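Please read the following briefing alongside the sequence and the 3D structure. It covers the fold, the surface and the covalent link.

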Amino acid sequence: MRRALAILAVSLVAACEPARTADDLAKGTFVKECIDAAAHAHSIPAEVLLILLNVENGRLGAVSQNKNDTVDIGPMQVNQIWLPKLAEHWRASRAAAYRALRDEFCANVEGGAWILRQALDEADGDLWEGIGLYHSHNERHKTDYLRLVLAQGRRLQRQAVASGEK
């Protein structure tokens, strides 16, 4: 699973920003370090963050409009409703929190991990319930999201097996 995490970290870099030099391939390590640091800081398995990053499929610098007149920001698709709480968590202004979520990969992953930690605490540590709450409190939306997460986890597992990892 760790090898698959490293492989997917490199692909996330390619998706997040275009490589400028050959040295930018090392950014796969940078992405993995961001994921690992956020996971450690919030006591979340790094693999869960990686799966959520792939399910959310956001991009660095991107802001996506939702049907409910909110926007999702960056790779973890952090919803704007979290801006006040994240700004407080980071001791920053809302504008600075917004820019960090949009433009800084590590900040976006840390913000997403912090939100997931809030959801896990609300779910009394139940991982599946917490992941569902990360996305929505609406049962139907939560269930649909968990199906996507499970499918992504299975895809990651197949990729790890195909690459020879046990």
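The chain contains eight helices and three strands; helices (H or I, at least four residues) and strands (E, at least two) are DSSP runs, numbered from the N terminus. This is a predicted model, in which local features need pLDDT of at least 70, side-chain atom pairs count only at pLDDT 80 or more, and totals for chains, interfaces and linings use all residues. Residues are numbered from 1 along each chain as its sequence is written, and side-chain values use heavy atoms, with hydrogens and water left out.

**Fold**
- Read from the N terminus, the order of elements is α-α-α-β-β-β-α-α-α-α-α.
- Of the contacts (heavy atoms within 4.5 Å) with a separation of 6 or more, 51% are between residues 24 or more positions apart.

**Burial and surface**
- Of the 166 residues in the chain, 45% are buried; buried means under 20% relative accessible area, exposed over 50%, and partly exposed in between (1.4 Å probe, protein chains only).
- Carbon and sulfur atoms contribute 53% of the accessible surface of the chain, which is about 9000 Å². Accessible areas come from the Shrake-Rupley method with a 1.4 Å probe, and for residues only the protein chains shown count as cover.

**Disulfide**
- The structure has one disulfide, a term for a pair of cysteine sulfur atoms within 2.5 Å.
- This disulfide links cysteine 34 and cysteine 106, with an S to S distance of 1.5 Å.
- Cysteine 34 belongs to helix α2 (residues 27-41) and cysteine 106 to helix α6 (residues 105-122), so the pair ties together parts 72 residues apart in sequence.
- Cysteine 34 is buried, at 7% relative accessible area, whereas cysteine 106 is partly exposed, at 30% relative accessibility.
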